[in-house]
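How does one get from a value to a word?

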Amino acid sequence: MSKKTPPSTMLLILLSLSICSLSFSQSNSLSLSFPLSLSKKTSSISPFYPSLYSKTSSSGSFKLPVKYSTALVVSLPIGTPPQPTDLVLDTGSQLSWIQCHNKVKRKLAKPKTASFDPSLSSSFSLLPCNHPICKPRIPDFTLPTSCDQNRLCHYSYFYADGTLAEGNLVREKFTISNSLTTPPVILGCAQASTENRGILGMNTGRLSFISQAKISKFSYCVPSRTGSNPTGLFYLGDNPNSSKFKYVTMLTFPKSQRSPNLDPLAYTLPMKGIKIAGKRLNISPAVFKPDPSGSGQTMIDSGSDLTYLADEAYEKVKEEIVRLVGPKMKKGYEFAAVADMCFNAVETAEVGRRIGDMSFEFENGVEILVAKGEGILTEVEKGVKCVGIGRSGRLGIGSNIIGTVHQQNMWVEYDLTNRRIGFGGAECSRLK
Ligand SMILES: *[C@@H]1O[C@H](CO)[C@@H](O)[C@H](O)[C@H]1NC(C)=O
């Protein structure tokens, strides 16, 4: 392992890799579905905010007060033979991570069925230091890496709460169906972590899972959080109902336009405005568009629980909520230092009725319609519900993020080939 790979072998590996991916990408009628579960967490700050981490780190701030309470989790078969491994679906980050635990040696620890044991896989390999991605700073990928004493590529960094994440960069195959195995995908293999779930990085970057696996589109349907069966569906490849979806074209950013506050690898939507109870709020559309510094970008993100709005938009939403239900708001209450439009749960039926529907409007009449009630008011702690919107300024960022709280009961399709995002109504927990 510690021996240097001779250049000729390296070339062969690269060659066989590209041949392998070529034949894989020719299967262009891919359509595979997996159950998508909601995982709720109420205690302990999670070290996993990959998307928020990447956004805040790019603006130099590491202030992350928010706990995620709901994550989308999909179990994918990884390795040879395949081990079902739980991964948080994150369209806001690039690199995927698996939790590497040696199950055989850890008899005493409680079994971590959701994690991955590298020693049981014949297709697992560690990335050597001389791999091109193992450079301290390559342009579109800024994970701090170093060379460990075994000449393997090592990464480590601290999350906002002081949690250390570290491990090796590795390569491993995903067996997404009996007849379909991806080429080896570069992943982080976390050895020191308190989490037992990995991350499926799904942004538009070349190292995201979707890019490395050369899959041109994916979609998910987030079930209602309050339902008795919070299981939705995740598709890799074509969605059988996509003919009914409405699409908006993503904004993309050439290299020359890139600026410090912009996340060029995110799924950026052309948002136009916000409506509450049929009334379009008086927010300048410029608030939802990146300015020359990159602030104002509007992204859709499966790794963010709440929706976040830049201050100007947040203020206008709050003004309208105060106008509609001001006297019922919990005075002085703030959830996680970002959301302050909150109510006692006993009041929420009436509050929900008075607020009515809310919608996020995009180009060409496409919108995300959040029906009154549960979709608008989300439980943040026992007995308290808030409008699921936070101030992005409190995270040290100037962007707008549509979180999963506003993606319930609909299909969201990410079509990378055509650079567009599709939406379609669905009852997600009823799908099979
Ligand atoms: C597709 O739409 C039909 C009719 O609306 C519905 O019964 C079916 O469950 C949907 N399937 C998926 C995968 O969305």
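Predicted model: local features only at pLDDT ≥ 70, side-chain atom pairs only at ≥ 80, totals over all residues.

Q: Why is Asp263 called buried?
A: A residue counts as buried if 20 or more other C-beta atoms lie within 10 Å of its own. Asp263 has 27 such atoms within 10 Å, and therefore it is buried. Its place is in the loop between strand E15 (246-249) and E16, and although Asp263 and Ser93 are 170 residues apart in sequence, their C-alpha atoms are 9.9 Å apart in space.

Q: How do you know whether Ser115 is buried or exposed?
A: The cut-off for a buried residue is 20 or more other C-beta atoms within 10 Å, and Ser115 has 22 C-beta neighbours inside that distance, so it counts as buried. Ser115 lies in the loop between strand E4 (96-99) and strand E5 (125-126). From Ser115 to Ile98 there are 17 residues in sequence and 7.0 Å in space, C-alpha to C-alpha.

Q: Why does Ile401 count as buried, and which residues is Ile401 in contact with?
A: Ile401, in strand E26, has 28 other C-beta atoms within 10 Å, and so it is buried. Leaving aside neighbours within four places in sequence, Ile401 is in contact with Met299, Asp301, Ser304, Thr307, Tyr308 and Ser392. One of these, Thr307, is 94 residues away in sequence but 5.4 Å away in space, C-alpha to C-alpha.

Q: What makes Arg151 "partly exposed", and what is its phi?
A: Partly exposed residues fall between the two cut-offs, 12 or fewer C-beta atoms for exposed and 20 or more for buried; Arg151, with 17 other C-beta atoms within 10 Å, is therefore partly exposed. This residue lies in the loop between strand E6 (145-147) and strand E7 (153-158). The phi of Arg151 is near 60°, a positive value in a residue other than glycine. Most residues other than glycine have a negative phi, and most peptide bonds are trans.

Q: Why is Asn409 called buried?
A: The cut-off is 20 or more, and Asn409 has 20 C-beta neighbours inside 10 Å, so it counts as buried. Asn409 sits in the loop between E26 and strand E27 (410-415), and its phi, near 55°, is a positive value in a residue other than glycine.

Q: What is the peptide bond from Thr80 to Pro81, and where is Pro81 found?
A: That peptide bond is cis, with omega near -10°. Pro81 is found in the loop between strand E2 (70-78) and strand E3 (83-90).

Q: How do you know that the buried residues of H4 line one face of the helix?
A: Helix H4 (residues 311-325) has 15 residues and reaches 20 Å from its first C-alpha to its last, close to the 21 Å expected at 1.5 Å a residue. Its buried residues are Ala313, Tyr314, Glu320 and Ile321. Seen down the axis of H4, these buried residues fall within an arc of 130°, so they line one face. On the other side of H4, Val322 and Arg323 are exposed. The elements that the buried residues of H4 pack against include strand E16 (271-276) and helix H5 (348-355).

Q: Why can the buried residues of H5 be said to line one face?
A: Thr348, Val351 and Ile355 are the buried residues of H5, and seen down the helix axis they fall within an arc of 60°, so they line one face of the helix. An α-helix has 3.6 residues a turn, so residues three or four places apart point the same way. Ala349, Glu350 and Arg353 are exposed on the other side of H5.

Q: What surrounds the ligand, and how many of the residues in its shell are nonpolar?
A: The ligand is surrounded by Pro240, Asn241, Ala426 and Leu431. The residues of this shell divide into three nonpolar, one polar and no charged.

Methods: Residues numbered from 1 in each chain as written. Near = placed C-beta within 6 Å. Nonpolar A, V, L, I, M, F, W, Y, C, P; charged D, E, K, R; others polar. Helix = DSSP H or I, 4+ residues; strand = E, 2+ residues; numbered from the N terminus. Expected span 1.5 Å × (residues − 1). Arc of directions from axis to C-beta. Contact = placed C-beta atoms within 7 Å.
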